[in-house]
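Take a look at the model first, and then read on.

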Amino acid sequence: MSTTKAATPFLSDVKALRAQARKSLGDGAVTPAYGGDPAKTVEILQSVLATELVCVLRYTQHSIVASGISSQGVKAEFVEHAKEEQEHAMAVAERITQLGGTPDFNPDTLMARSASQFAPGKDLVDMIKENLIAERIAVEHYSELARYFGDKDPTTRVMIEGILAVEEEHADDMHDLLVAHQGKPMLPNT
């Protein structure tokens, strides 16, 4: 015996969508379909922005002051990571703007809002370690945020997941550099 359900359209009524889109134009990209709290999302993203900016500054400083006979490859990696962290910061700033916020680039409050720290490092290996620590913090934090945003805010979740994938690559790069410069593997062989 089969039961027949009433047909539910996959998409909303186009006329209703058009009418709804004309309402609240001042809300920009935030439509009634947005399931999150825009103010809370902006607050969270201000922290992500600060984290990315601190990473830009740390990697940039490390790329300039790293020295030693085997520092050139590491310096190049630091430069590449600084550039990618800057791209993340810009994407996050754009998302904050889409949600009706103003990105906070205030250097006076940057460290208080950042999940990562700015650690100059005393030598090349120490710099690599500090960057690996920062990347591990970002991976944990952004994994948590991806779960938090879930289906409530898929656009922000997808952005965070994209940043997370790059942060995992950065952590892997820093781990490889650490192994290369300490001469021993850090991860157990399985």
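Leu57, Met111 and Phe118 come together in a nonpolar surface patch whose accessible area totals about 270 Å². Such a patch joins nonpolar side chains (Val, Leu, Ile, Met, Phe, Trp, Tyr) within 5 Å, and like charges within 9 Å, using residues with over 30% relative accessible area and no salt bridge. A salt bridge here is a side-chain nitrogen of Lys or Arg within 4 Å of a carboxyl oxygen of Asp or Glu. Areas come from the Shrake-Rupley method with a 1.4 Å probe, and for residues only the protein chains shown count as cover.

This is a predicted model: local features need pLDDT of at least 70 and side-chain atom pairs pLDDT 80 or more, while totals for chains, interfaces and linings use all residues. Residues are numbered from 1 along each chain as its sequence is written, and side-chain values use heavy atoms, without hydrogens and water.

A patch of negative charge also lies on the surface, made of Glu80, Glu168, Glu169, Asp172 and Asp176. Helix H6 (residues 154–182) gives the largest share, 4 residues. Helices are DSSP runs (H or I, at least four residues), numbered from the N terminus.

| Residue | Relative accessible area | State |
|---|---|---|
| Leucine 57 | 46% | partly exposed |
| Glutamate 168 | 41% | partly exposed |
| Methionine 127 | 4% | buried |

Methionine 127 belongs to helix H5 (residues 124–149). Beyond its neighbours within four places in sequence, methionine 127 has contacts (heavy atoms within 4.5 Å) with residues including His62, Val65 and Phe78.

Note on methods
Lys, Arg positive; Asp, Glu negative; His and termini not counted. Charge placed at Lys NZ, Arg CZ, Asp CG, Glu CD. Helix = DSSP H or I, 4+ residues; strand = E, 2+ residues; numbered from the N terminus. Buried < 20%, exposed > 50% of the residue type's maximum accessible area, 1.4 Å probe, protein only.
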